[in-house]
Amino acid sequence: MARAGAGALLALWVLGAAAHPQCLDFRPPFRPQQLLSLCSRYSAFGCCDEKRDAELTSRFWSLANRMLAAEWADCAGYARELLCQECSPYAAHLYDAEDPSTPLRTVPGLCQDYCLTMWQKCRRLIRHFSTDKELQALEDNRDKFCHRLSLDDADYCYPNLMVNKNLNSDLGHMVTDATGCLQLCLEEVANGLRNPVAMVHAGDGTHRFFVAEQVGLVWAYLPNRFRLEKPFLNISRVVLTSPWEGDERGFLGIAFHPNFRHNRKLYVYYSVGIRAEEWIRISEFRVSEDDENAVDHSSERVILEVKEPASNHNGGQLLFGNDGYLYIFTGDGGMAGDPFGTFGNAQNKSALLGKVLRIDVDRKERGLPYGIPPDNPFLGDPAARPEVYALGVRNMWRCSFDRGDPKSGAGRGRLFCGDVGQNKYEEVDLVERGGNYGWRAREGFQCYDRSLCANASLNDVLPIFAYPHTIGKSVTGGYVYRGCEYPNLNGLYIFGDFMTGRLMSLHENPETGQWQYNEICMGHGQTCDFPGLINHYYPHIISFGEDEAGELYFMSTGEPSATVPRGVVYKIIDPSRRAPPGKCKIQPAKVKIRSGLIPFLPREKFIPKTPSTPRPTVWAPTQAPRRRRPTATAPPPTPRTPRPARPTRQPGGRRGGGRRRGRLNTASQAFRDGDVRLVRRTGLRSGSGRVEVFVGGRWGTVCDDSWDINGAAVVCRQLGFPYAVRAVKRAEFGQGGSLPILLDNVRCKGWERNLLECQHNGVGTHDCEHEEDAGVVCSHQNPDL
């Protein structure tokens, strides 16, 4: 019975998946800002604004002037209906325009009965309506005429699609699959980044955005997505990090002063080594007087330094609130279980670790390089540091302030944070002044340290949402969408998980205060089949960001190492509805450019996907021991099993979690051009073998002409090894005699994403035999140590 029910759900979803609203500009439909005159049927939702409606009206009267009055009396209604199908939410289907490379129809696709009636009453309309000479020649042949105007997919012909419940029941709403997973799409915005940890804007009207790499560089991008050749900021020489996957140290946060337009100040959060000790540092910089796209590195003013007892749980978020104060989010000091002192750093008000701090960077007092806001909650407590705004934090990784509803302002100023869990739960918190968020007494809704958890004086604030490690193991906090371009997303808090690559969302019921959870999936079928959109992403979700207009982005990487350039910035797109044309237009302030520009070249492609079988519902226990606010229940886990994380070495040998690192199981994913694998004989250790590359749907070998350690480094990095020990030649690891030779004379610089990006003779072009097949020896250990 349950199996039959699942099949029915899938059948319904497949019908819904075919419903793919799309306009003739290959973008989603919208609600016009004004009522339409001629095509009033589409005033609520469609593909025409008032300008296009006026153009169609002009064409309507032009047709009237070209036909006899008696003919027009019979044809006026048909002319209007045919013209207005350009405004239909399914215009792209009606005009066979899903593929931008094919010519558009001049007449929308018609259902057989409708066409036969129109031909009987008004076939002479087509000679004035269409420029299609072949169609005009069929005017007197009813059957051929209507056959030419028919659609292969009869569900979309006019007027049947108007009454098709599957196509119209949820028109304009976000698409979900049979499991309730929201179907969204992505647009690639930037690539080739080394662990992009933050994307911010300056709020100065230029609509530039700035992307920070963990290694200590910040890049400036123009609104057209061109990147400046010269880094905006480069403190890589002093930032403490390493190539090891999982190293949590490095450049971790950046925030521009609210008055940046005038004072040109910004603030950064990074790890440093001082006399063999590890510290976190928050510094102020100023932009150069000579170049508004470059920081004056000599202007650094250290605001705050905090000693880190371990290499993990470094925090890293910086935010300015609507109050103008700087919020600093620190981790609990690392290791596991916050073992520092009697109650841990997070519950110790006299410690700066495991806290949300709030300071005034525009004043100095008490011998400090900053001021203390007069309403900080523990200002009068002699046992507390005055900077503390909230406590009980384990390792909040990515926080954001809600801009508020664009119309009502509801929600403005709410502070959302994702707090990474220890062994069992991840959580999302709404941070309030003076709040205690429970760590290490509590992890999510559950007790972690039972003695502390039973303490009545704890008075901790419960998360708005927590999820178990069957779903994800390292939360990455996100944003409440408040942009202009995608109205359906308004109010949706979108966040992710670093380990499993899940995108997730929460939406608050304003009446009950309950938060509803929905997973976010990449659109199946044609959902994301728009030019420029993609439906996949790298699995390690590092951070989220907003641009100056409020549109939402996230950053992820295929290999979480601070030195590997596989990070991508993605823009989140709702394919079901957009804002009307012109509503979201921006006019960026001019910026003087003194650096070279690097044009943006997208690398990712749309991958056709088929719907998956509905997953079973297995509810996890999420009942809170006690609640101080309504909370969302955890979602049912889905069969997206992560591969066990490969052990990674943390500098100093410390263990105990943090933003835990792992890889998604990619066994079921389609191979992409440039993928590599190693083929090795029995007895060879992992990381050694003959190199085989995937190109054009087939695997093949690589000849060793010009093969060197740089090419080996590219292959090793693709396979998850940070070090290339040796470039192997002369088929030392065996010949791939049954395979074609696909690459020869490969010359790499070492930073390329795959061998196809290196110089070579061309795919399939070679002057060698299989006794010259190339190989590699890769390692997780530095061969020079």
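Buried, in this tour, means under 20% relative accessible area, while exposed means over 50% and partly exposed lies in between (1.4 Å probe, protein chains only). The model is predicted, with local features needing pLDDT of at least 70 and side-chain atom pairs counting only at pLDDT 80 or more, whereas totals for chains, interfaces and linings use all residues. Residues are numbered from 1 along each chain as its sequence is written, and side-chain values use heavy atoms, with hydrogens and water left out.

The stops are disulfides, each a pair of cysteine sulfur atoms within 2.5 Å, and the structure holds 14 of them. Helices (H or I, at least four residues) and strands (E, at least two) are DSSP runs, numbered from the N terminus.

Select Cys-23 and Cys-47, both of which are buried; their sulfur atoms, 2.0 Å apart, form a disulfide. The torsion about this S-S bond of Cys-23 and Cys-47 is about -85°, so the link is left-handed. Cys-23 and Cys-47 each lie in the loop between helix H1 (2-18) and helix H2 (50-66), so the pair ties together parts that are 24 residues apart in sequence.

Next, select Cys-48 and Cys-87, which a disulfide joins with an S to S distance of 2.1 Å. Cys-48 lies in the loop between H1 and H2 and Cys-87 in the loop between helix H3 (69-83) and helix H4 (91-94), so parts 39 residues apart in sequence are tied together.

Finally, select Cys-181 and Cys-521, joined by a disulfide (S to S 1.8 Å), which is right-handed with 95° about the S-S bond. Cys-181 is buried, with a relative accessible area of 0%, and Cys-521 is buried at 10%.
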